[in-house]
Amino acid sequence: MTKVLVADDSETILLLLRTRLEMEGYEVVTAIDGQEVVEALAAAGPGSQPDVILLDAMMPRMSGLDALRTLRGEGNQIPILIVSAHRADETLSEAENLGADACIPKPIDFDDLLGRIASLTAS
């Protein structure tokens, strides 16, 4: 089963994404900010890493962009999708420069999200 780690500071969005992804057969783990993502990955053993990470660009404590920067700086190559309500080109450009595998605007088109997750986790 494909494991997706979803990080967003909105409990409503986390619940919605968890529910929709689980209905599609994904195992879902959630985090409330980028710091929690970085800490969870550092503590996870090799067999418990997620197959893909979905990060909100703007979160308190540590943003998704900062978490992306940290993870890529540590050599982590898990596919990462950045979700952003800000459609500013500089946010998307920064995410791509930091090594994001894809950027998805909010509100999330769920069919687009499913397609991107499937393509990033296809073996």
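In this predicted model, the largest cavity is lined by Val6, Ala7, Asp8, Ile13, Leu17, Leu54, Asp56, Val83, Lys106 and Ile108. The structure holds one cavity of 30 Å³ or more, and the space inside the largest cavity comes to about 30 Å³. Sorted by class, seven of the lining residues are nonpolar and three are charged, with no polar residue present. Three elements each contribute at least two residues to this lining: strand β1 (3–7), helix α1 (11–23) and strand β3 (52–56).

Lys106, one of the lining residues, sits in the loop that joins β5 (102–105) to α5 (110–121). Is Lys106 buried or exposed? Its relative accessible area is 16%; because the limit for a buried residue is under 20%, Lys106 counts as buried. The side chain of Lys106 is in polar contact with the side chain of Asp56, at 3.4 Å. Asp56 also belongs to the cavity lining.

Helix α2 spans residues 34–43, and its buried residues are Gly34, Val37, Val38 and Leu41. Viewed down the axis of α2, these residues fall within an arc of 95°, so they line one face of the helix. What do they pack against? Their partners are the strands β1, β2 (27–31) and β3, together with helix α3 (64–73). The N-terminal end of α2 is capped by Asp33, which places a side-chain oxygen 3.1 Å from the backbone nitrogen of Gln35.

Helix α3, one of the packing partners of α2, has its own set of buried residues: Gly64, Leu65, Ala67, Leu68, Leu71 and Arg72. They cover an arc of only 160° around the axis and therefore lie on the same side of α3. After α3 comes Gly75, which has a positive phi near 85°.

Two of the buried residues of α3, Leu68 and Arg72, are touched by Gly99 when residues up to four places away in sequence are not counted. Gly99 is placed in the loop between α4 (89–98) and β5. At a relative accessible area of 26%, Gly99 is partly exposed.

Thr121, in helix α5, is also partly exposed, with a relative accessibility of 22%. Which residues does Thr121 touch, leaving out those up to four places away in sequence? They are Thr2, Asp51 and Val52.

| Residue pair | Separation along the chain | C-alpha to C-alpha distance |
|---|---|---|
| Thr121 and Ile78 | 43 residues | 9.5 Å |
| Gly99 and Gln77 | 22 residues | 9.0 Å |

Taken together, the polar contact between Lys106 and Asp56 joins two residues of the cavity lining. Strands β1 and β3 supply residues to that lining and also meet the buried residues of α2. Helix α3 packs against those α2 residues as well, while Gly99 touches Leu68 and Arg72, both among the buried residues of α3.

Key. Residues are numbered from 1 along each chain as its sequence is written. This is a predicted model: local features need pLDDT of at least 70, side-chain atom pairs count only at pLDDT 80 or more; totals for chains, interfaces and linings use all residues. Side-chain values use heavy atoms; hydrogens and water are left out. On a 1 Å grid over the protein atoms alone, a cavity is a set of points where a 1.4 Å probe fits but cannot get out, and a pocket is an open set with protein on both sides within 12 Å along at least five of seven lines; lining residues have an atom within 4 Å of a point. Grid points are joined across faces, edges and corners, and a volume is the space filled by probe spheres set on the points. Helices (H or I, at least four residues) and strands (E, at least two) are DSSP runs, numbered from the N terminus. Ala, Val, Leu, Ile, Met, Phe, Trp, Tyr, Cys and Pro count as nonpolar, Asp, Glu, Lys and Arg as charged, and the others, Gly among them, as polar. Buried means under 20% relative accessible area, exposed over 50%, partly exposed in between (1.4 Å probe, protein chains only). The arc is that of the directions from the helix axis to the C-beta atoms. Contact means heavy atoms within 4.5 Å. A polar contact is a pair of N or O atoms within 3.5 Å; within protein, one must be able to donate a hydrogen and the other to accept it, and residues adjacent in sequence count only if both atoms are side-chain atoms.
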